[in-house]
Amino acid sequence: MKKLFLFVAILIVAFSFNSCGDEFFQDRPVASNELMNPIKDFITNYFPDCTIIKADMDSELTGVTYDVDLSCGVELEFNSKGEWICVDCGINKVPDDVIPSAILTYLNEQYSELFIVHIDKNMNGYEVELNNGYELYFNKNGEYLRIDF
């Protein structure tokens with residue numbers, strides 16, 4: 001009987017999350033003047049010739065993130081503290097100052113003719129995409145781990 005009660009309680013909770021999930025886990029547009037200062041500072045410092053054309057706040061199970069699209073085609077993602085977690089420059093070069101120095105040094109030594117067009121930062125380290133499509137993985141300290149062709 002206890003197992004049946006527990007099962008029913010779990011179902012009720014699951015359906016409750018499901019019914020309100022569409023409202024909670026949605027993108028919400030954010031005006032550029034409402035973005036946190038670290039986000040605005042990042043854009044001003046690294047993409048001074050670009051303007052914000054769209055900004056959304058995403059509420060997810062893992063927390064809040066901010067997606068920002070710039071007029072120059074750059075797509076950015078920030079965590080709830082305003083720290084960058086993704087910089088996607090399309091076919092253009094990610095600014096060197098955004099890239100951790102250990103990663104930049106490795107790339108200059110191993111792939112001097114190539115450049116980073118996309119970089120992701122997560123709790124395990126970094127994933128970078130080069131302009132030839134190679135994806136390289138680095139740990140938190142910027143030490144090379146592997147490559148995907």
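What separates Phe42 and Tyr46 in helix H2? They are 4 residues apart in that helix, so about one helical turn lies between them. Helices (H or I, at least four residues) and strands (E, at least two) are DSSP runs, numbered from the N terminus.

Before going on, some ground rules. This is a predicted model, in which local features need pLDDT of at least 70 and side-chain atom pairs count only at pLDDT 80 or more, while totals for chains, interfaces and linings use all residues. Residues are numbered from 1 along each chain as its sequence is written, and side-chain values use heavy atoms, with hydrogens and water left out.

Back to the rings. A search of the whole structure gives 9 aromatic pairs. The rings of Phe42 and Tyr46 are one of these pairs, with centres 4.7 Å apart and planes at 55°, so the pair counts as tilted. The rule covers rings of Phe, Tyr and Trp (its six-membered ring) with centres within 6.5 Å; planes under 30 degrees apart are stacked, over 60 edge-to-face, and the rest tilted. Phe42 is buried, at 9% relative accessible area, whereas Tyr46 is partly exposed at 29%. Here buried means under 20% relative accessible area, exposed means over 50%, and partly exposed is in between (1.4 Å probe, protein chains only).

Trp84 and Tyr126 form another tilted pair, 6.4 Å centre to centre with 40° between the planes. This one links distant parts of the chain: Trp84 is in strand E5 (residues 84–88) and Tyr126 in strand E7 (residues 125–130), 42 residues apart. Trp84 is buried at 10% relative accessibility, and Tyr126 is buried at 13%. Ring pairs also join Phe42, Tyr46, Phe47 and Phe78 into a cluster.

Trp84 comes up again with a charge. The charged end of Lys121 sits over the Trp84 ring, 4.3 Å from its centre. For that, NZ of Lys or CZ of Arg must be within 6 Å of the ring centre and within 35 degrees of the ring normal. Arg146 likewise lies over the face of Tyr137, at 3.9 Å from the ring centre.

Next, the cysteines. The count is 1 disulfide, meaning a pair of cysteine sulfur atoms within 2.5 Å. It joins Cys50 to Cys72, with 2.0 Å from S to S. The link is right-handed, with 110° about the S-S bond. Cys50 is in the loop between helix H2 (37–46) and strand E2 (52–60), and Cys72 is in the loop between strand E3 (63–70) and strand E4 (75–78), 22 residues apart. Cys50 is buried at 13% relative accessibility, while Cys72 is partly exposed at 34%.

Cys86 is in no disulfide, and its nearest cysteine sulfur, that of Cys89, is 9.3 Å away. Cys86 is buried at 11% relative accessibility. Cys89 is in no disulfide either; the nearest cysteine sulfur to it belongs to Cys72, 7.3 Å away. Cys89 is buried, at 3%.

Last, charges. Side chains of opposite charge can pair when their charged atoms come close. The structure has 2 salt bridges, each a side-chain nitrogen of Lys or Arg within 4 Å of a carboxyl oxygen of Asp or Glu. Lys54 pairs with Asp56, with the closest N and O atoms 3.5 Å apart. Lys54 is partly exposed at 44%, whereas Asp56 is buried at 10%. Asp96 and Lys93 meet in a salt bridge at 3.4 Å, N to O. Asp96 is partly exposed at 32%, and Lys93 is partly exposed at 45%.
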